[in-house]
Amino acid sequence: MSDQVSSVAVITGGASGIGWKTAELLLERRPDVACALVDLNEAQSAELIERFGEGRVRFVRCDVTDPAAVNAAAEEIERWNSPIRMLVTCAGIQIVGDSFELPVEHWQKVTGVHLNGTFYWCQAAGRAMRDGGGGSIVTVGSIAQDFGFPGRAAYTTSKAGIGGLTRVLAVEWAPAGIRVNQVIPGMVETPLFQRAAAQGIVDAEAAASEHPLGRLGATGELAEAIVFLLSEQASFITGELVHVDGGFRAQRLE
């Protein structure tokens, strides 16, 4: 290890979008923190390694839907560097389909990545935090969990489940000094959103107009909220579902 740090932040889905931007902000602002990025795309993480060094950035291959793989990855990360003290669960996919006809394998794939993958990583990282005196977890939800968007049964259900999981773990793990919060983005210009727009699943211009601020969110705006919730400045915040959505939810509340 070429750089001495006091803790490691694990970021699933960390090679692009919100996850990558969160890693970048943490590395820029917290010289005491190293980041382990969990994803299957090495391009963005390689850039971070070049900028911040192998002692502070680690790329980890892991199928988040496999609990054994998650536990092995967590152990590898702790052998690589300092204890895991932060976790951000950004890994995500989107499959849209009529709920009458949605293939079970599509349901299982989406819920496996979002809900199961979030729980497996919370469990693995949470144990490390418990044994090391505490830590902070931020799960990533979606405004879809608050509304009935047609064709998104698996995505919406899994994101809503993550919100429930966040609250349970926040209460259950508070005595161990572990804080757990969820950030709920509006529509953000991520690679996932861009692919959906390219496939005609979503109209980018119409989506932007759905937000009272009149635009899509930027990955950096979500990363700012996540980094804050991970920090000691948020030390009395736990169990919260924080909307960073340009007013999307507010204008639909009755």
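**Close-up views of a predicted model**

R29 is partly exposed, with a relative accessible area of 44% (buried means under 20%, exposed over 50%, partly exposed in between; 1.4 Å probe, protein chains only). This is a predicted model, where local features need pLDDT of at least 70 and side-chain atom pairs count only at pLDDT 80 or more, while totals for chains, interfaces and linings use all residues. Residues are numbered from 1 along each chain as its sequence is written, and side-chain values use heavy atoms, leaving out hydrogens and water.

**View 1. R29 meets E224 in a salt bridge.** The N to O distance is 2.7 Å (a salt bridge is a side-chain nitrogen of Lys or Arg within 4 Å of a carboxyl oxygen of Asp or Glu). Helices are DSSP runs of H or I with at least four residues, strands are E runs of at least two, and both are numbered from the N terminus.

**View 2. R51 forms salt bridges with E28 and E47.** For E28, the closest N and O atoms are 3.0 Å apart. E28 lies in helix α1 (residues 17-29) and R51 in helix α2 (residues 43-52), so this pair ties together parts 23 residues apart in sequence. For E47, the closest N and O atoms are 3.8 Å apart. Salt bridges that share partners join K21, E24, E28, E47 and R51 into one network.

**View 3. Helix α4 bends by about 45° at G112.** That bend is the angle between axes fitted to the seven residues ending there and the seven starting there. Next after α4 comes G133, with a positive phi near 100°.
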